[in-house]
Amino acid sequence: MADGSSRRQATLFRLRRQLRKKRESLADQFEFKMYLVFLFKDEKRPALFEMAEVVPVMTNNYEESILRGVKEEAYSLESSLELLEKDVVQLHAPRYQSMRKDVIGCTQEMDFFLWPRNDIQKIVCLLFSKWKGEGDECYKPLKADFEYHHSDYERQLIRLLARKDKSGLIINNPSQSMFLFIDRQHLPSKSIVFKLSSVCLYLPQDRKS
């Protein structure tokens with residue numbers, strides 16, 4: 001007799017196969033909670049935000065494009081199979097609310113001053129999920145790391161200084177699991193600042209189970 005884990009894996013496999021036929025993502029069967037944490041270099045308390053909404057966007061619908069690329073010899077069959085096996089889902093979060101006691105409940109568009117400043121050590125996202133329809137069941141943490149160190153994103157932001165775009169700028173951490181959407185603003189002093197406008201996490205579908 002199969003144990004509980006084996007039965008669950010078999011169920012997930014069947015569900016994933018059915019969802020692919022419907023061109024849907026397995027992530028659509030989950031509810032997500034995401035928290036954004038800014039950790040500072042000194043003893044300053046971390047800034048914690050809860051995302052007001054987490055929107056899953058499927059990225060596993062590349063089969064036709066990838067196989068067409070193989071046919072046109074744009075890349076090898078081996079590399080295309082690797083792409084298909086990744087089966088990645090994007091989780092977008094454009095709005096948040098501070099977890100500070102004096103401002104809880106004030107949901108707003110993301111607008112966090114990111115640069116120039118040197119007091120941030122790193123940015124961390126904490127992701128939790130549960131099956132849809134589970135009612136009062138608790139969200140469970142996902143075993144995935146979403147971290148972006150100041151030294152990594154600062155280098156990318158400095159490169160963006162030469163760009164003229166005011167919005168739609170994107171940077172990512174070295175592991176490409178976390179993408180930040182950036183807005184560029186000019187202050188009256190003519191100084192340039194970058195603000196965080198949205199967060200996107202890349203999550204392999206097998207991590208949600």
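Analyst: A place to begin is Pro116, which lies in the loop between β7 (112-115) and β8 (120-131). The model is predicted, and in it a cis peptide bond joins Trp115 and Pro116, with omega at about 5°. As background, most peptide bonds are trans.

User: What is the overall make-up of the chain in helices and strands, and how many of its residues count as buried, as a percentage?

Analyst: The protein chain has four helices and 13 strands, and 39% of its 209 residues count as buried. Among contacts between residues at least 6 apart in sequence, 63% join residues at least 24 apart. The chain exposes about 12900 Å², of which carbon and sulfur atoms supply 51%.

User: Which residues touch the most other members of the largest nonpolar core?

Analyst: That core has 40 residues, and Met34, Leu36, Phe38, Leu114, Ile123, Leu180 and Val199 touch the most other members. Leaving out residues up to four places away in sequence, Leu180 touches Leu114, Ile123, Tyr148, Leu169, Ile170, Ile171, Leu196, Ser198 and Val199. In soluble globular proteins, nonpolar side chains tend to be buried together.

User: Why is the pair of Tyr148 and Tyr153 called edge-to-face?

Analyst: The search of the whole structure finds ten aromatic pairs. In the pair of Tyr148 and Tyr153 the ring centres are 5.7 Å apart and the planes stand at 80°; centres within 6.5 Å make a pair and planes over 60 degrees apart count as edge-to-face, so the label applies. Both Tyr148 and Tyr153 are buried. Elsewhere, ring pairs link Phe38, Phe49, Tyr96 and Phe112 into a cluster.

User: What makes the charged end of Lys44 count as sitting over the ring of Phe40?

Analyst: The charged end of Lys44 is 4.4 Å from the centre of the Phe40 ring and sits over that ring, where the distance limit is within 6 Å.

User: Why does His150 count as buried?

Analyst: His150 has 6% relative accessibility, and buried means under 20%, so His150 counts as buried. His150 lies in helix α4 (residues 150-160), and, not counting residues up to four places away in sequence, touches Lys41, Arg117, Asn118, Ile120, Gln121 and Lys122.

User: How do you know that Cys125 is in no disulfide?

Analyst: The count of disulfides comes to zero. For Cys125 the nearest cysteine sulfur, that of Cys200, is 9.9 Å away, whereas a disulfide needs sulfur atoms within 2.5 Å; the distance is therefore too far for a bond. Cys125, at 3% relative accessibility, counts as buried, and Cys200, at 2%, counts as buried too.

User: Why is Lys190 called exposed, and what is its phi?

Analyst: Lys190 has a relative accessible area of 74%, and exposed means over 50%, so Lys190 is exposed. The residue is in the loop between β12 and β13, and its phi is near 75°, a positive value in a residue other than glycine. Gln176, in the loop between β11 (169-172) and β12 (178-186), also has a positive phi, of about 60°, although it is not a glycine. Most residues other than glycine have a negative phi.

User: Where is Lys195 found, and which residues is it in contact with?

Analyst: Lys195 is found in strand β13 (residues 192-204). Leaving aside neighbours within four places in sequence, Lys195 is in contact with Asp111, Phe112, Phe113, Leu114, Phe181, Ile182, Asp183 and Gln185. The C-alpha atoms of Lys195 and Leu180, 15 residues apart along the chain, are separated by 9.8 Å.

Definitions and conventions. Residues numbered from 1 in each chain as written. Predicted model: local features only at pLDDT ≥ 70, side-chain atom pairs only at ≥ 80, totals over all residues. Heavy atoms only, no water. Helix = DSSP H or I, 4+ residues; strand = E, 2+ residues; numbered from the N terminus. Buried < 20%, exposed > 50% of the residue type's maximum accessible area, 1.4 Å probe, protein only. Contact = heavy atoms within 4.5 Å. Areas by Shrake-Rupley, 256 points an atom, 1.4 Å probe, with all protein chains shown as cover. Core = buried A, V, L, I, M, F, W, Y, C linked by side-chain atoms within 4.5 Å. Phe/Tyr/Trp six-rings, centres within 6.5 Å; stacked < 30°, edge-to-face > 60°. Lys NZ or Arg CZ within 6 Å of the ring centre and 35° of its normal.
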